[in-house]
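Dear colleague,

Please read them with the coordinates open beside you.

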Amino acid sequence: MELKVGDDGETDRKQYGSDLFWWLTVSIVAILVVGAGVFTILINFHHHRSQSHSSQPYDIVPKYASSLQLALQFFDVQKSGKVQNNRVWWRGDSGLRDGSEENLDLSKGLYDAGDLMKFGFPMAFTATVLSWAILEYGNNMDAVKQLDYALESLKWITDYLVNAHPFADVLYIQVGDPEVDHNCWERPENMTEKRPLTQVNSSFPGTEVAAETAAALAAASLVFKEINLTYSEILREHAQQLFMFADTYRVSYSVSIPQVGKYYNSSGYGDELLWASSWLYHATKDPSYLTYVTETNENEFGSIGSVSWFSWDDKHAATQV
């Protein structure tokens with residue numbers, strides 16, 4: 001439960017700052033734990049996995065299978081929009097009018113942690129990592145009947161990201177007012193407050209959020225390539241446009257829109273450009289994307305030898321992989 005901010009002195013401001021810092025820490029840790037948990041569960045899913053991705057998994061460990069199911073249910077809990085086949089019975093429809101003031105359907109997507117905000121930067125990162133997990137361990141998910149749930153959750157995010165990109169150089173990166181939202185703890189089904197939209201564009205660019213969204217859509221295009229080719233091509237087209245937008249206007253989104261830095265501040269956009277270009281290389285097989293990563297921008301953005309972790313803010317380690 002969060003505290004409301006008072007107007008009666010320095011003590012309240014310090015308390016609010018402490019509460020906000022704690023809330024942010026918990027939110028970030030929650031995202032990292034769920035992401036790491038899914039990967040750990042999948043890696044340990046069985047004892048002796050063949051190196052061939054085409055081989056069928058075996059030696060299913062029930063505890064890991066159960067853990068995978070619970071981890072994937074986290075996405076069902078966080079979903080906004082018209083509930084469909086949701087395994088979490090106490091979640092209902094919410095956010096149905098998100099984006100309507102700009103004639104956009106931004107009803108889908110995921111709420112961030114325990115609040116009702118939709119932050120595009122960490123949401124796109126979630127889609128990229130979930131895509132990667134499906135590409136590497138989809139057979140394992142399928143063996144315990146969890147693959148369809150993973151695919152549905154991924155598409156729930158990518159549908160939102162595609163709709164949030166109505167023009168080549170416009171990307172809506174946030175739904176909701178975090179100041180209002182974080183002072184009101186409620187169920188999304190009961191939301192009545194206004195849901196303002198925040199965008200990056202050519203006048204107020206946001207390189208890292210545009211590039212991360214490009215990475216997400218490129219990675220997802222690989223996931224859906226054998227399932228729905230038309231949808232895969234749509235994702236790839238948006239990914240290429242977003243990468244061009246991100247690379248053309250190189251400005252951090254937390255510089256263009258300072259208020260976002262209070263929540264998901266970026267430490268730099270170089271890693272997102274390399275990360276997006278890496279996924280686009282896999283999605284398109286266009287060697288120019290590989291050259292972009294390994295030759296043109298490696299010295300400027302590569303941070304070879306200085307990587308310590310992988311997160312929504314720093315993708316250097318994964319890009320090197």
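To begin with the helix packing, H4 passes H6 in a left-handed crossing. Please bear in mind throughout that this is a predicted model. Helix H4, which spans residues 147-163, and helix H6, which spans residues 207-223, pack at an angle of about 135°, and their axes lie 11 Å apart. With that angle, H4 is oblique to H6. On the H4 side the contact is made by Leu 151, Leu 154, Thr 158, Leu 161 and Val 162, which meet Thr 213, Ala 216, Leu 217, Ala 220 and Val 223 of H6. Sorted by class, the contact of H4 with H6 comprises 8 nonpolar and 2 polar residues, with no charged residues.

Turning to the salt bridges, the structure holds 14 of them, and I describe some of these here.

In one of them, the side chains of Asp 98 and Arg 195 meet at 3.1 Å, taken from N to O. This pair links distant parts of the chain, since Asp 98 sits in the loop between helix H2 (62-78) and strand E1 (118-119), while Arg 195 sits in the loop between helix H5 (178-181) and strand E3 (197-201), 97 residues apart. Both Asp 98 and Arg 195 are buried.

A salt bridge also joins Lys 108 to Asp 159, with the closest N and O atoms 2.8 Å apart. Because Lys 108 belongs to the loop between H2 and E1 and Asp 159 to helix H4, the pair ties together parts that are 51 residues apart in sequence. Lys 108 is partly exposed, its relative accessible area being 23%, whereas Asp 159 counts as buried at 12% relative accessibility.

Lys 315 counts as buried at 0% relative accessibility, and Glu 212 is buried with a relative accessible area of 0%.

Finally, Asp 76, Lys 79, Arg 87 and Glu 152 are linked in a network of salt bridges.

With kind regards

Notes. Residues are numbered from 1 along each chain as its sequence is written. This is a predicted model: local features need pLDDT of at least 70, side-chain atom pairs count only at pLDDT 80 or more; totals for chains, interfaces and linings use all residues. Side-chain values use heavy atoms; hydrogens and water are left out. Axes are lines fitted to C-alpha atoms, for helices over the stretch in contact, and angles run from 0 to 180 degrees between N-to-C directions. Helices (H or I, at least four residues) and strands (E, at least two) are DSSP runs, numbered from the N terminus. Angles under 35 degrees count as roughly parallel, over 145 as roughly antiparallel, 65 to 115 as roughly perpendicular and the rest as oblique. A crossing is left-handed if the near helix is turned anticlockwise from the far one by less than a right angle, and right-handed if clockwise. Contact means heavy atoms within 4.5 Å. Ala, Val, Leu, Ile, Met, Phe, Trp, Tyr, Cys and Pro count as nonpolar, Asp, Glu, Lys and Arg as charged, and the others, Gly among them, as polar. A salt bridge is a side-chain nitrogen of Lys or Arg within 4 Å of a carboxyl oxygen of Asp or Glu. Buried means under 20% relative accessible area, exposed over 50%, partly exposed in between (1.4 Å probe, protein chains only).
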